[in-house]
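Hello,

Here is the structure I said I would pass on. My notes on it follow below.

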Amino acid sequence: MSVRQVALADWLSEVSAVSGEGLAALTVVDRAGRPELWLRTVAGTVLWCEVAGAVPSVAGLFVEAGLVERELSQLFGVEFDRPESNQPLFVGDADWLGRRPLSSPVGLARRNHIPWPGAKEPGESGSPSRRRQLPAGVAPGWQDGSEVTL
Amino acid sequence: MIRGVIALKPSACTSCMLCIRECPTWCMSLESHQAPDPSTPPGARERLVNVLDDFRIDFGRCMNCGICVEVCPFDALQWQPECDYAESELESLTHGMERLASHWREPTGD
């Protein structure tokens, strides 16, 4: 299985070259606010590119890619140069899905509004001290994405 | 092993907070306080122990990952095969300490 990074400008041409192999997976990996678009063909070739700006759509190469790109655009916030690929796929109000729920700078909407239940020390009753409001390793400001440093 | 509802054995829980902190969906919470240990021998220095007041698991958020069951150092949380805890109100999906203790059956050791 070959894994190859391609430049965003070459994304369309590189995917065209392997389009005969059949699309197996198209997804986004979001590393702390730096989204990467990953594509895998049925034959096992893996291509990926860093997303910085509008991504060329591969919906012209694979019939099923149009739906997948709509899903990635809605859940990760990746923008495609084809307007049909930027239409949301899932029906649901913003409260349930939240804003771009799978992109890592944005905290899960369902978990945002409750305080961390583990803030108290064993045996401590009453409200915990303000200093200990987050789990270990979580940067302050995680809920609104303000802590992301690239 | 069937992953149904999670049961709690309150007598085994020391309020160490490990399960609460490791739960990825933050669906568990507990209340506790410190009190003098009743089994302190007379004349010895007073010792404090954690006393569990309340323990809650919100099964509307629980994703059945089992991290809490694995991480408990005192085996106070166990899987039970009951899967039929559907409710008509969202709030009823949060099981308090009494209900979690009522699910408990001693593990058979397999």
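There are 2 salt bridges between chain B and chain A, a salt bridge being a side-chain nitrogen of Lys or Arg within 4 Å of a carboxyl oxygen of Asp or Glu. One of them joins E31(B) to K120(A), with the closest N and O atoms 3.2 Å apart.

On conventions: this is a predicted model, in which local features need pLDDT of at least 70 and side-chain atom pairs count only at pLDDT 80 or more, while totals for chains, interfaces and linings use all residues. Residues are numbered from 1 along each chain as its sequence is written, chains are lettered from A and ligands numbered from 1 in the order in which they are written, and side-chain values use heavy atoms, with hydrogens and water left out.

The interface: 17 residues of chain B are in contact (heavy atoms within 4.5 Å) with 16 residues of chain A. The buried area is about 1,400 Å², and carbon and sulfur atoms give 53% of that; the term means the accessible area (1.4 Å probe) that two parts lose on being put together, summed over both. In chain B, the residues that lose the most area to chain A are R21(B), W26(B) and R61(B), together 53% of what that side buries.

Which element supplies the largest share of the side of chain B that touches chain A? It is β2(B), with 7 residues; strands here are DSSP runs (E, at least two residues), numbered from the N terminus.

Regards

Conventions. Helix = DSSP H or I, 4+ residues; strand = E, 2+ residues; numbered from the N terminus.
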